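Visitor: Could you walk me through this one? I'd like to start with the overall fold and then go into the details.

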Amino acid sequence: MSGRKKGVLIVLACATLLGLLYYFIFSSSAILKNVSHTRGYNVQVSENTIPVEMFIEPEMYEVEMEIEKIMNEVVYDQHHTKIILERVYLDEEELSFSFTTDYDLSVLEGEFLYNGIFHSDGSIMFTSRHNEYEATTLNNVTLQIGSTGSGPNSDFRLSLRQPPMELLKEGFTVRYNAMYLHKYQLKWR
C-alpha cells in the first residue's frame with residue numbers, strides 16, 4: 001500500500017473516531033443521557049413546573065380527514081429546549097397534535113425543560129397528566145382536551161375533541177404545564 005493511501009486511511013480513521021467521540025460524549029443527546037442518569041453531573045430540578053405556551057397557527061392543522069400531516073415546526077424555543085409540532089391528525093372525533101423536543105446543551109453546564117424529574121439514582125419520574133394541558137382560542141374560549149399522552153423521553157401529545165372549526169380559524173394557544181426546569185453542571189467544576 002502506498003504512503004498516500006495509508007495517509008488517507010489514517011485521516012478517515014481519525015475523522016470517524018472524532019465523529020464517534022462527538023456523538024457519544026459531546027452531542028446534546030449524549031449530554032442529556034448523562035445528565036438524566038446523573039453520570040458525571042450535578043442536577044437541580046425546579047420545584048414547580050414551567051408553563052409552556054405554544055401558538056398553533058391555522059395552517060398547521062389544515063389536514064384531510066384520517067391523513068397524518070408531518071409538520072416538524074418549532075413552536076417553542078426557550079431554556080435550550082425546542083418543542084416541535086411533529087405531526088397532526090384529524091379523525092371524526094379528535095384533532096390530534098404530537099410534539100417532540102430537541103435540545104442545544106453545553107457539556108459543562110446549562111439548563112433545559114423536561115416533563116419528568118431526574119433522581120440521583122438515575123431514575124426518572126414522569127408527571128404528565130390530563131389536567132396539565134389547556135387549549136384556548138384567541139377569544140379566550142376554552143377548548144375541550146381529548147386524549148393526552150407522553151413519551152418516549154420528553155415527547156407528548158394532545159387531542160382536541162372535535163371542535164367547531166370556526167372557533168379555530170385564527171389559531172389557538174396550547175398551554176402545557178408539565179415541564180420542569182433542570183439545571184446541570186459537570187461534577188468536576
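Guide: What follows goes from the overall fold to the cores and then to some backbone details. This is a predicted model, in which local features need pLDDT of at least 70 and side-chain atom pairs count only at pLDDT 80 or more, while totals for chains, interfaces and linings use all residues. Residues are numbered from 1 along each chain as its sequence is written, and side-chain values use heavy atoms, with hydrogens and water left out.

Visitor: OK, how many helices and strands does the protein have?

Guide: The protein has 2 helices and 11 strands, where helices (H or I, at least four residues) and strands (E, at least two) are DSSP runs numbered from the N terminus. Along the sequence the order is α-α-β-β-β-β-β-β-β-β-β-β-β.

Visitor: And is it compact or spread out?

Guide: The protein is more spread out than a compact globule, because its radius of gyration is 21 Å, well over the 16 Å that the globule rule gives for 189 residues; the radius is taken over C-alpha atoms, and the rule is 2.2 Å times the number of residues to the power 0.38. Along the principal axes, the C-alpha atoms fill a box of roughly 70 × 45 × 25 Å.

Visitor: What share of the residues is buried?

Guide: Buried residues make up 38% of the 189, with buried meaning under 20% relative accessible area, exposed over 50% and partly exposed in between (1.4 Å probe, protein chains only).

Visitor: Which residues touch the most others in the largest nonpolar core?

Guide: In that core of 31 residues, they are Met54, Ile56, Ile83, Phe97, Phe99 and Phe172; a nonpolar core is a set of buried Ala, Val, Leu, Ile, Met, Phe, Trp, Tyr and Cys residues joined through side-chain atoms within 4.5 Å. Strands that each supply at least two residues of this core include E1 (41-56), E4 (94-103) and E11 (172-186), and E11 gives the largest share, 6 residues.

Visitor: What does Ile56 contact?

Guide: Leaving aside neighbours within four places in sequence, Ile56 is in contact (heavy atoms within 4.5 Å) with Tyr61, Val75, Phe97, Phe99, Gly171, Phe172 and Val174. A second, separate core of 11 residues includes Tyr103, Leu105, Phe112 and Tyr114.

Visitor: Switching to the backbone, where is the cis peptide bond?

Guide: A cis peptide bond joins Gly151 and Pro152, with omega about -5 degrees, and Pro152 is placed in the loop between strand E9 (145-150) and E10. Asn153 lies in the loop between E9 and E10 as well, and has a positive phi of about 55 degrees although it is not a glycine.

Visitor: Is Asn153 buried or exposed?

Guide: Asn153 counts as exposed, at 53% relative accessibility.
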